[in-house]
Amino acid sequence: MDLGLKDKVAIVTGGSRGVGRAIALALLREGARVMITARDPARLQAAREALARESGADVQAFAADLEDDAAVRAMVAATIAGFGHFDIVVNAAGSVNPADFAALTEALWPSVFEQKLNGYVRCLRHAIPHLKTRGWGRIINLAGVGAREAGAITIPVGLNNAAVLNLTKSIALLMAPHNVLVNAVVPHIIDTDRQDETMSLLARLTGKPEDAIRKERLDKLPLKRMGRPEEVAAVVTFLASERSSFVTGAAWHVDGGAYHGI
Ligand SMILES: NC(=O)c1ccc[n+]([C@@H]2O[C@H](COP(=O)([O-])OP(=O)(O)OC[C@H]3O[C@@H](n4cnc5c(N)ncnc54)[C@H](OP(=O)(O)O)[C@@H]3O)[C@@H](O)[C@H]2O)c1
């Protein structure tokens with residue numbers, strides 16, 4: 001199937017690692033040109049070089065912390081300066097830590113939303129004016145199953161991801177008149193660095209051994225295994241493509257059957 005992605009330009013936040021990196025590679029392999037962004041400049045540059053080698057395609061990188069509004073604005077401007085325009089935005093940067101609710105003091109609470117939601121909002125705020133001028137566009141926001149399943153020590157995860165789903169639906173309504181389709185992808189237990197960190201954090205918070213946490217979490221999954229970043233990337237790539245032309249405001253689960261709701 002020709003996905004019609006040749007020469008489309010995509011911004012992929014969190015493109016230096018994990019799911020974001022796999023998405024960047026999948027888009028590049030379909031002929032898109034890609035701007036990747038993340039904080040650590042050395043890791044970002046290494047990812048850019050590796051992605052260019054693996055795909056033989058045009059990939060650029062711009063280091064930006066999504067907590068810094070001016071840096072996000074500069075990253076979007078650098079994309080337009082480098083490629084002339086962009087058509088696709090994939091928000092995949094950041095991940096949310098489980099936490100003991102009692103530890104989330106008044107002073108710490110705002111930082112909960114800096115882990116993920118606020119960075120997505122900043123990126124959309126700066127990208128949307130340009131996307132509106134194009135007459136064709138795609139936005140894909142990575143959420144997480146915590147959006148729909150509450151947990152006593154995953155309150156920050158749940159709130160960020162639930163807000164991402166609400167944001168996705170609202171931006172889909174805002175952008176429909178501009179032919180910009182906006183969807184969420186909802187992964188669960190994907191084999192990335194972050195997933196390893198989450199397993200150890202959950203072990204610390206529950207006092208259970210890490211192996212037991214890992215087994216417990218995987219046993220709950222109908223497919224009984226972690227997902228691979230490429231499996232998320234395949235769905236994102238379809239939603240970013242010309243072939244996905246009547247899907248907007250949707251949330252596609254890539255979760256091994258984890259979510260049991262209808
Ligand atoms: N892995 C899973 O099982 C899973 C499950 C559910 C949902 N998700 C969602 O999928 C997305 C990707 O997850 P992942 O597992 O691939 O995460 P990851 O391995 O931790 O990678 C996160 C990426 O985001 C970048 N990043 C983090 N904070 C940033 C910031 N403030 N500004 C700019 N870049 C930032 C990181 O680079 P730097 O550190 O260099 O900035 C890195 O490139 C996230 O939205 C996550 O919540 C993942």
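An oxygen atom of the ligand is 2.7 Å from an N or O atom in the side chain of Thr192, a polar contact (a pair of N or O atoms within 3.5 Å). This is a predicted model, in which local features need pLDDT of at least 70, side-chain atom pairs count only at pLDDT 80 or more, and totals for chains, interfaces and linings use all residues. Residues are numbered from 1 along each chain as its sequence is written, and side-chain values use heavy atoms, with hydrogens and water left out.

**Ligand**

- Gln195 has a side-chain N or O atom 2.6 Å from a ligand oxygen.
- For the side chain of Arg43, that distance to a ligand oxygen is 3.3 Å.
- The protein covers 93% of the 890 Å² of accessible area that the ligand has on its own (Shrake-Rupley method, 1.4 Å probe).

**Shell around the ligand**

- Of 27 residues around the ligand (a heavy atom within 4 Å), Arg39, Lys116, Ile190, Thr192 and Gln195 come nearest.
- The shell holds 12 nonpolar, eight polar and seven charged residues.
- Helix 1 and helix 7 (193-206) are the elements giving two or more residues to this shell; helices are DSSP runs (H or I, at least four residues), numbered from the N terminus.

**Helix 1 and helix 2**

- The axes of helix 1 (residues 18-29) and helix 2 (residues 41-55) come within 10 Å and cross at roughly 35°, on a scale from 0 to 180 degrees between N-to-C directions of lines fitted to C-alpha atoms over the stretch in contact.
- Helix 1 contributes Arg21, Ala24, Leu25, Leu28 and Arg29 to the contact (heavy atoms within 4.5 Å).
- Helix 2 contributes Ala50, Leu51, Glu54 and Ser55.
- These contact residues divide into five nonpolar, one polar and three charged.

Methods: Ala, Val, Leu, Ile, Met, Phe, Trp, Tyr, Cys and Pro count as nonpolar, Asp, Glu, Lys and Arg as charged, and the others, Gly among them, as polar. A polar contact is a pair of N or O atoms within 3.5 Å; within protein, one must be able to donate a hydrogen and the other to accept it, and residues adjacent in sequence count only if both atoms are side-chain atoms.
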